[in-house]
Structures are given as C-alpha cells and as structure tokens.
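Student: Could you show me how to read the places where chains meet?
Tutor: Gladly; let us look at the model together.

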Amino acid sequence: MSGLLSPGTKVRVRDDWPETRGACHIRTPHYLRGAEGVVEKHLGAFPNPEDLAFARPASRLNLYHVRFVPQAIWPDAGGEALVVELYETWLEAA
Amino acid sequence: MSEVLETPSDRLLAAVRQLLTDKGVVSREEIFERIQATDAATPAQGARMVAKAWVDPAFRARMLADGAKAAEELGIPMRGMPPLGVLEDTADEHNLVVCTLCSCYPRAVLGYPPFWFKSAAYRARAVRDPRGLLREFGTELPQAVKLRVVDSTADYRWMVLPLRPAGTEGWSEEQLAAVVREGDMIGVTFPKVS
Amino acid sequence: MHDMGGVSKFMCDAVDVEPHALSAFDREVDAIRQLLGAKKVMSVDELRRGIEAIPEPDYLRLSYYQRWIRSITDNMLAKGVFTEAELLAALEDTK
C-alpha cells in the first residue's frame with residue numbers, strides 16, 4: 001500500500017512467499033503472511049532491506065508498527081497483542 | 001556455497017583478519033578499538049535512562065518520543081546506530097521484545113545481546129507462548145495485565161521502560177539505576193528491590 | 001531456518017537463561033562486522049542474507065558468531081574483496 005497510512009487502518013500482510021522463488025532476504029516473518037492487523041504507528045522511511053541485502057540501489061519505504069491478535073495466527077497462542085515492524089510493500093487493504 | 005566455508009571458524013577468522021589487514025580494509029588497531037568501544041556499552045547505560053525517566057517526567061516524554069535523542073542527552077554514543085524506540089509499560093500492559101528473524105537488540109544502550117535472546121527457544125516461543133517463556137525467567141505476569149510482544153524485525157531497536165518498583169520512594173537516580181537489569185529492559189523480568 | 005517465530009519444533013525447548021561470556025573470537029568477529037559496515041564494505045543486511053544462506057544442519061550446529069564469520073567470508077568472496085585462492089593461501093598460514 002502506498003501513501004501514508006494512519007493509525008487504526010486495517011491491513012493484511014501479503015500472502016507471498018518469495019523464499020520459494022530463489023535467493024532473497026525478507027524482513028516479514030513467515031507467521032504473518034496473510035494475517036490481518038491494524039496500523040499502530042508510522043515509524044519513518046528506510047531503504048528497502050530486500051535490496052540492501054544484495055547491495056542493490058534501495059528505495060526508501062514507509063515502515064509501520066502493525067498490531068496483530070496472536071490467537072488469529074496460532075489458536076494456542078498466549079499474549080494479548082503482537083506488534084511487528086512492516087514495510088508498506090508488504091501491506092494491502094483489509 | 002564454496003567448500004572453503006566449511007573450514008573451522010577460528011581458522012576462518014585468522015585468515016579473514018590477515019587478508020583484510022593486508023589489503024588495508026581494516027587495521028588491527030581499528031579492530032582492537034572497536035572491541036573496546038563495544039565492550040563499553042553495557043546495560044548500565046539503559047538503566048541510567050530508565051532511572052531518569054522515573055524521576056523526570058519531561059525526560060520520560062522525550063525518551064518515549066525518541067529514545068536515541070534521550071540516550072545522547074545522557075552522553076551515550078548513538079552515532080551510526082539504528083533508531084531506538086522505547087516501549088512504555090503501564091499498570092495494564094507489559095511489553096516483551098524479541099527478534100524472531102535474527103537478534104536485533106538495542107546494543108547502544110544494553111551492550112551485546114545475551115545468549116538467551118539469540119536462542120531458537122526464545123525466538124520461537126516469545127511470540128506464541130510468551131507467558132510460559134516469562135515463567136522460565138521467574139516472572140509471573142498477573143492475568144489482568146495484557147502482554148504486548150514486539151517482534152523487532154526491521155530498522156528499529158526496542159527497549160522496555162518498566163514500571164518503577166514499589167518501595168523506591170525518595171531514591172536517587174543512582175540508587176534507582178542500580179536495580180534495573182538487562183532483562184528488565186527487554187521485558188523478561190521486572191526491576192526488583194531486594 | 002532463521003525465521004523462527006512460533007515454529008513448533010522449538011516450542012517445547014527450555015530457554016537457557018544462564019549468562020554465557022563472549023570469547024575473544026566472538027568479540028573480534030563482532031568488531032570486524034561493525035567495521036565492514038561502517039566502511040560500507042558490507043551492510044548488516046548482506047550479513048543476514050549470508051547467514052540465511054547457511055544450510056540448516058550447519059546453521060543449527062554453528063554458534064552465533066561462527067555463523068557470522070562464515071557469512072562475512074562468503075560476502076568478501078562474492079564482493080571480490082579477496083579471492084578464494086587468496087583465502088586458501090591465508091588458511092594454509094593458519095595451520
């Protein structure tokens with residue numbers, strides 16, 4: 001999703017698995033692919049690590065703290081909230 | 001992957017050090033100085049920040065807004081370090097930090113990450129079984145307190161600003177800093193007054 | 001392999017909460033990594049990619065900083081900072 005997302009925006013993490021398609025480096029944990037969460041805060045913009053990892057020119061991406069309900073990811077999960085840093089390219093409207 | 005990478009690690013290090021210094025990429029002096037500088041960052045730095053936040057509401061607000069700037073106010077070197085975010089514990093909510101992908105850790109203010117923080121068990125369980133995990137550190141979180149787990153996956157480093165323990169009324173910043181341990185600032189334990 | 005959040009096979013593992021002192025090897029690898037980053041020779045992202053490329057049995061067998069020196073070496077070879085022939089020669093000197 002592009003454009004600045006405000007706190008409270010509902011988002012879904014893209015259900016994408018680049019690691020099955022060859023060499024890559026991604027900072028979106030496997031357990032969040034396809035999960036729905038809520039934007040908590042905009043954290044700034046940072047060079048895309050998926051490019052930095054290969055010493056490629058990296059564009060700056062918006063980074064967000066997104067909050068998830070752990071039990072929606074694992075039915076047996078403990079804890080009341082799970083908050084993860086995610087880049088805008090991994091988020092879609094939910 | 002080249003077979004040479006299977007060489008025992010201590011020999012790899014010796015060879016890499018030799019090649020990097022021969023080629024002028026790094027010098028032995030630089031390596032020595034960097035080790036000294038890294039050893040100098042310890043949990044005592046973060047503990048000073050926490051103690052000041054407990055006694056100085058204006059500093060607390062600045063620390064929550066920008067941890068790196070607040071650290072620099074106290075003379076902690078932050079140049080070249082990633083942004084530092086501060087997670088505020090309240091009576092209703094407790095924060096716990098993990099990096100499930102590697103071992104992102106607020107090194108500038110806490111020093112080297114401890115062994116447990118880098119372990120597979122910690123990285124796997126912190127997001128899924130955090131209360132069980134806390135019990136292994138001797139921490140029983142009341143059911144009424146919400147547990148908020150922060151998976152440090154990207155550009156920030158996170159530290160927890162814990163609650164000031166009861167029984168510390170009137171204490172100086174130095175006395176307060178002395179009761180804050182590394183685990184308290186990651187969220188696996190709470191500051192305790194003995 | 002590195003992506004461990006919630007992975008079932010580790011869920012029953014106890015956490016070793018005891019302190020483990022770092023060795024001279026650990027400290028030096030850490031310092032070299034920092035210097036390579038500060039000098040823009042190798043980013044932390046490249047270090048991580050190199051660690052993630054370590055096959056699972058090796059990843060689990062190697063210590064934290066053993067993975068790092070392996071990734072650093074891999075990156076230096078890939079970037080041509082030194083060649084495999086130079087590395088093999090330098091390794092001979094360490095015997």
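Student: How much area do chain A and chain B bury between them?
Tutor: The size of an interface is often given as the accessible area lost when the parts come together. Here the model is predicted, so local features need pLDDT of at least 70, side-chain atom pairs count only at pLDDT 80 or more, and totals for chains, interfaces and linings use all residues. Residues are numbered from 1 along each chain as its sequence is written, chains are lettered from A and ligands numbered from 1 in the order in which they are written, and side-chain values use heavy atoms, with hydrogens and water left out. Chain A and chain B bury about 1900 Å², with 50% of it on carbon and sulfur atoms (accessible area, 1.4 Å probe, that two parts lose on being put together, summed over both). On the chain A side, A:Arg27, A:Glu80 and A:Glu85 lose the most area to chain B, together 30% of what that side buries.

Student: How many residues of chain A are in contact with chain B?
Tutor: Contact means heavy atoms within 4.5 Å. By that rule, 22 residues of chain A touch 23 residues of chain B.

Student: How many salt bridges are there between chain A and chain B?
Tutor: Look for a side-chain nitrogen of Lys or Arg within 4 Å of a carboxyl oxygen of Asp or Glu. Between these two chains the count is 3. A:Glu40 forms a salt bridge with B:Arg148, and their closest N and O atoms are 2.3 Å apart.

Student: What do chain B and chain C bury between them?
Tutor: Chain B and chain C bury about 4900 Å², 67% of it on carbon and sulfur atoms. In chain B, the residues that lose the most area to chain C are B:Arg11, B:Leu13 and B:Arg34, together 12% of what that side buries. Contacts join 51 residues of chain B to 57 residues of chain C.

Student: Which atoms are closest in the salt bridge of B:Lys23 with C:Glu86?
Tutor: Their closest atoms are N and O, 2.9 Å apart. Across the interface of chain B and chain C, the rule finds 6 salt bridges.

Student: Which helix gives the largest share of the side of chain B that touches chain C?
Tutor: Helices (H or I, at least four residues) are DSSP runs, numbered from the N terminus. The largest share, 11 residues, comes from α1(B).

How values were computed: Helix = DSSP H or I, 4+ residues; strand = E, 2+ residues; numbered from the N terminus.
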